[in-house]
Amino acid sequence: MGKLLDVENLDAGYGEAVVLRDVSLSIEAGETLALLGRNGTGKTTLINTLVGVTRQHKGSITLSGTLLNKLSPHERAAGGIGWVPQERNIFKSLTVHENLTAVARPGNWNPERIYEMFPRLAERKTNMGSQLSGGEQQMLAVGRALVLNPSLLLLDEPTEGLAPIIVEELLRGVRHITRNEGLSAIIVEQHPHLILPISDRAVVLDRGAVVHNSTAQELRGQPEILDRLLGVAR
Ligand SMILES: Nc1ncnc2c1ncn2[C@@H]1O[C@H](COP(=O)(O)OP(=O)(O)OP(=O)(O)O)[C@@H](O)[C@H]1O
């Protein structure tokens, strides 16, 4: 397995404001990284910086050996970054099926495989995006990122605001992706107990800096760190 993503000494933010300070992390091909931290610690800013929609002041981002620093969000997407933003961004005026087929690119993932993973979406195939529940929208957003056949999937708080039963269904799909498909992913989560069991590595941010970087299993075994950095003892 080779290194897929390499982030080195990254400073980034919005305009003149620097939110991320000296962030370094890397992911091997096939690994899933849980990105944790309390509210406002810079998790979304890091995802947005990888995608290319913030201002990068310093450092480097390399995906499969290609330096992304100067590439546009569109070029990064074409280069293998699949992004599911916090606000989901599905096409509300297209059907579920159209949402998937409009962006699909040849590869492992196609709309049929998304329907197998999320049967609920198959039942809603002809519904408009605007008619979906929050959980269905999230599944569609994940599906839409997958049919682009990315090498790195970025999920920003996929479980936020969803009912527990839907969270379970969504995470079953995410677990399938991270465990069986050889895809690499970074998943932002507020709840470590949901995400650590299906992740390989864990990074915790605090005030824009990496304050913990280990295997997911190690972090699970350190309740005092979870408590101190995240306010949870699990
Ligand atoms: N568009 C923006 N312009 C200026 N500052 C911003 C912008 N978005 C976020 N920030 C600031 O950047 C800091 C980090 O926010 P960010 O959204 O990255 O945190 P987060 O860890 O993802 O939090 P949450 O869990 O609440 O989503 C915060 O201080 C926030 O106020």
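I began with Arg201, which counts as buried because 22 C-beta neighbours lie inside 10 Å, and the cut-off for buried is 20 or more. I note here that I am working from a predicted model.

I then placed Arg201 in the fold and found it in strand 9, residues 201–206. Which residues is Arg201 in contact with, leaving aside its neighbours within four places in sequence? I listed Glu31, Leu33, Thr215 and Ala216. I also checked Arg201 against Ser214: the two are 13 residues apart in sequence, and their C-alpha atoms are 5.9 Å apart in space.

As background, nonpolar side chains tend to be buried together in soluble globular proteins.

I took Leu35 from that list for a closer look. Not counting residues up to four places away in sequence, Leu35 touches Lys43, Leu46, Ile186, Ile187, Val188 and Val203.

Next entry: the ligand. Which residues are around the ligand? I wrote down Tyr14, Ala17, Val19, Gly37, Asn39, Gly40, Thr41, Gly42, Lys43, Thr44 and Thr45. Strand 2 (17–28) and helix 1 (43–51) are the elements that give two or more residues to this shell. The largest share, 3 residues, comes from helix 1. Sorted by class, I have 3 nonpolar, 7 polar and 1 charged residues in the shell.

Last entry: strand 1, residues 3–14. I looked up its pairing with strand 2 and found 8 bridges, with the two strands running antiparallel. In this pair, Leu5 stands opposite Ile27 of strand 2. The hairpin of strand 1 and strand 2 has 2 residues between the strands, and Gly15 there takes a positive phi near 60°.

How many bridges join strand 1 to strand 4? I count 7, and strand 4 (residues 55–63) runs antiparallel to strand 1. Asp11 stands opposite Lys58 in strand 4. Strand 1 therefore has bridges to both strand 2 and strand 4, by the rule that two strands pair if there are at least two bridges between them.

Methods:
Residues numbered from 1 in each chain as written. Predicted model: local features only at pLDDT ≥ 70, side-chain atom pairs only at ≥ 80, totals over all residues. Contact = placed C-beta atoms within 7 Å. Helix = DSSP H or I, 4+ residues; strand = E, 2+ residues; numbered from the N terminus. Buried ≥ 20, exposed ≤ 12 C-beta atoms within 10 Å, placed from the backbone. Near = placed C-beta within 6 Å. Nonpolar A, V, L, I, M, F, W, Y, C, P; charged D, E, K, R; others polar.
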